[in-house]
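Dear colleague,

I am handing over the structure we spoke about, and below it you will find my notes on what turned up in it. Please read them with the model open beside you.

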Amino acid sequence: MNAFDLAGRLLIWTSILTLSGGVILAVWKRNFSYLSLYLLLLLMMETTGMIFTVIKGKNLFVFSLSSAIHFAFLTLFYIDALKLNLKRPVAVAIALLPFPFYFLPGLEITSFQPWDRALLSSLLFCYSLVYFAWLIQRRVQINKPVVYLSGAVLLFFTIDAFLSMGTNYLISKVNLTVVAWFWFFRAVFLILYYVFLIYANQALWKKS
C-alpha cells in the first residue's frame, strides 16, 4: 500500500468517525430533527460505500445515490432557511424528485456518470447563493449556524459540481495521479462539510 492509498483510507475512516460522532451526539441530545436523519443516512452511505469498495471494488451506485440524499435534505433545509411558504408535503415532494431516477427498472450504473451529480450539486450551491443574496438584501435574518453551513455548502458543492463535470475530461487529458489528487482534496472538504453540518444541526436544535 502506497502513501496515497493509505491517505485515502484514512479519509474514509475519518468521514465515518466524524458522522458517527454527529449521530451519537444527536441521540445523546435527543435531537431527532431531519438534519439528524440526514447525518444518519450519510453515515450509512459512507459505510455501505466502503463495504462495496472492499467486496466489489467499486461503489458507483452508492456514490451516485448520495447526491440525491444531499439534494433532498438540503432542499428542506433551504426551504426553512429562506422561510418559503410551502406546505410540508409539497416541500418533501420537491426534495424527493431525483430519487425515482435511481430505481428505474434495468438501471445499472457501471461507470462514472457525472451529470446527475453535477446537476444536483450545482443546484445546491445555487441554493446557498440565493441564501446569501437574501441575507445581503435583509430578506432573512442573520442566523449563524445557517450562515456557517451555507458557507460550507457553497464551498463543497461548488467543488463537487465542477469536479463531476470535469473528471472524464481530466482522465482523458491529464495524468490520472493529478485527477486522484483533485478527488483527495474533495474528500478533505467533504469532511469539513460534515463538521459544519453537525455543528448546525445541534445549534439549530437548541434554538428550536
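Subject of these notes: rings, core and charges

To begin with a detail, K29 lies over the face of W28, at 4.7 Å from the ring centre. A second case of this kind involves R139, whose charged end sits over the ring of W134, 3.8 Å from the centre of that ring. Please keep in mind throughout that this is a predicted model; the chain averages a pLDDT of 87, and 86% of the residues score at least 70. Among the elements of the chain, the lowest mean pLDDT belongs to α5, at 83, and the highest to α4, at 95.

The aromatic residues come next. There are 13 aromatic pairs in the count, and one of them is formed by Y38 and F73, whose ring centres are 5.2 Å apart and whose planes meet at 10 degrees, so that the pair is stacked. This pair links distant parts of the chain, since Y38 belongs to helix α2 (residues 34-56) and F73 to helix α3 (residues 60-81), 35 residues apart. Both Y38 and F73 are buried. Y193 and Y194, by contrast, form a tilted pair, with 6.2 Å from centre to centre and 50 degrees between the planes. Y193 is buried, with a relative accessible area of 1%, and Y194 also counts as buried, at 2%.

As for Y131, if its neighbours within four places in sequence are left aside, its contacts include Y78, A81, L82, V140 and V146.

L11 is found in helix α1 (residues 3-28) and is buried, with a relative accessible area of 14%. L11 and L190 are 179 residues apart in sequence, yet 9.7 Å apart in space, C-alpha to C-alpha. Leaving aside neighbours within four places in sequence, L11 is in contact with F184, A187, V188 and I191.

Finally, how many salt bridges does the structure hold? There are three, and one of them joins the side chains of D80 and R88, at 2.9 Å from N to O. D80 is partly exposed, with a relative accessible area of 32%, and R88 is likewise partly exposed, at 36%. In another, the side chains of R117 and D160 meet at 3.0 Å, N to O, and this pair links distant parts of the chain, with R117 in helix α6 and D160 in helix α7, 43 residues apart. D160 also forms a salt bridge with R186, the closest N and O atoms being 2.7 Å apart. Since D160 lies in helix α7 and R186 in helix α8, the pair ties together parts that are 26 residues apart in sequence. R117 and D160 are both buried, as are D160 and R186, and R117, D160 and R186 are linked in a network of salt bridges.

With best wishes

Conventions. Residues numbered from 1 in each chain as written. Predicted model: local features only at pLDDT ≥ 70, side-chain atom pairs only at ≥ 80, totals over all residues. Heavy atoms only, no water. Helix = DSSP H or I, 4+ residues; strand = E, 2+ residues; numbered from the N terminus. Buried < 20%, exposed > 50% of the residue type's maximum accessible area, 1.4 Å probe, protein only. Contact = heavy atoms within 4.5 Å. Phe/Tyr/Trp six-rings, centres within 6.5 Å; stacked < 30°, edge-to-face > 60°. Lys NZ or Arg CZ within 6 Å of the ring centre and 35° of its normal. pLDDT = per-residue confidence, 0-100. Salt bridge = Lys/Arg side-chain N within 4 Å of Asp/Glu carboxyl O.
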